[in-house]
Amino acid sequence: MTTVPDGRPAGVLAAVGGTPMVELRRLVPNSGARIFVKWEPANPTGSMKDRMAVEVIRSAAADGRLKPGGTVVEYTAGTTGISLALVCAALGYRLHVVFSDAFSTEKRKTMLALGAEITDEPSDGGRITEELIKRMIATSAEISKRPGHWWSDQLNNHDGVRGYLPLGEEIWRQTGGRVDAFVHAVGTAHSIHGAPRGFGETATPARVVAVEPAESAVLSGAPTGAHRIEGIGIGFIPPLWQPELVDSIEQVRSDDAQQMARRLAAEEGIFAGTSTGANVIAALRVAETLPVGAQVVTLAVDSGLRYVSKAPYA
């Protein structure tokens, strides 16, 4: 991968990372704790997944798994697919994604605009279920057997975690070296495991709190179910999930997450997707258990521009 003098990728990929931090001003806890939202829509595609995509493609190209001019294959709810499409376009690879009508039209159109090829797996009335995700995985595995194709297989790709180490380092600097709690929703689990590794050493380590859909709270030991929070809650335990790295789990209902996304837009000017709404609900709950001045960090995962044709904004 071509780099600029400081070692960062050249071209559009140099814009990945270095995102700002936003403190909530109106949706604040009564405890007096502070809540900071890392503004990941500032990445080139408008999502945190750009960080992971750069690392995954860089690593695969470096060790020969991905050949020059090859085709990357991935199953995706759209966010990872868009980020991979950006990186592939920038570096001269092709991308074939397995997608579904359960996810937003904006994501589909963005992947196509960036040159991706899409194979669809139909959903059951737009619901996100374990059966759908596993069917998407199986289809992408079959496509990856074609000559010149490489399966990035995000759920089993250890390279993804490293992509989020700089995220944690940025958070640590921006909070002045104080993170009392880090709250974040779980999809692949790469970001919730990777970001805290970038935090510095303190006498009291940050409390790490996972977030999952209440309708499919499998991390908490509940049965799988259908929900409407895109990008998280795959309906089964992610293969790289490490429960020992998480202190607690918060469950958030889809309706509540969508309502919070709308409130964030209308009351804080934070225009993001439903998973961000879930993150903020959980962050508020955690903040209420902490003293005045404590600092809770969560993430705005992606831009609300990806969801204007459906809930929470349609």
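Author: Let's start with a term: a salt bridge is a side-chain nitrogen of Lys or Arg within 4 Å of a carboxyl oxygen of Asp or Glu. Keep in mind that this is a predicted model.

Reader: Okay, which residues are linked in a network of salt bridges?

Author: Glu55, Arg58, Asp63, Arg65, Asp159 and Arg162. In the whole structure there are 23 salt bridges.

Reader: What makes Glu55 and Arg162 a salt bridge?

Author: Their side chains come to 3.1 Å, N to O. The cut-off is within 4 Å, so the pair counts. Glu55 sits in helix 1 (residues 49-62) and Arg162 in helix 5 (residues 159-162), so the bridge ties together parts 107 residues apart in sequence.

Reader: Why does Glu55 count as buried?

Author: Its relative accessibility is 14%, and buried means under 20%, so Glu55 passes.

Reader: And what does Arg162 count as, at 35% relative accessibility?

Author: Partly exposed. Buried needs under 20% and exposed needs over 50%, so 35% for Arg162 falls in between.

Reader: How do you know that Glu230 forms a salt bridge with Lys107?

Author: The closest N and O atoms are 2.7 Å apart, and the limit is within 4 Å, so this pair qualifies too. The two residues are 123 apart in the chain: Glu230 is in the loop between strand 8 (207-213) and strand 9 (248-252), while Lys107 is in helix 3 (residues 105-113).

Reader: What makes Lys38 and Glu170 a pair that links distant parts of the chain?

Author: First, the bridge itself: the closest N and O atoms are 2.8 Å apart. Lys38 belongs to strand 2 (residues 34-39) and Glu170 to helix 6, and 132 residues separate them. Lys38 is buried, and Glu170 is as well.

Reader: Now the domains. Which residues make up domain 1 and domain 2?

Author: The domain assignment gives 12-42 + 164-306 for domain 1 and 49-151 for domain 2. Their centres, over C-alpha atoms, are 24 Å apart.

Reader: How do you know that domain 1 and domain 2 are in contact?

Author: Contact means heavy atoms within 4.5 Å, and 28 residues of domain 1 meet that with 24 residues of domain 2. About 2,000 Å² is buried between the two domains, 62% of it on carbon and sulfur atoms.

Reader: How many salt bridges does the rule find across the interface of domain 1 and domain 2?

Author: Three.

Terms used: Residues numbered from 1 in each chain as written. Predicted model: local features only at pLDDT ≥ 70, side-chain atom pairs only at ≥ 80, totals over all residues. Heavy atoms only, no water. Domains from an automatic or database assignment. Buried area = accessible area lost by both parts, 1.4 Å probe. Helix = DSSP H or I, 4+ residues; strand = E, 2+ residues; numbered from the N terminus. Buried < 20%, exposed > 50% of the residue type's maximum accessible area, 1.4 Å probe, protein only.
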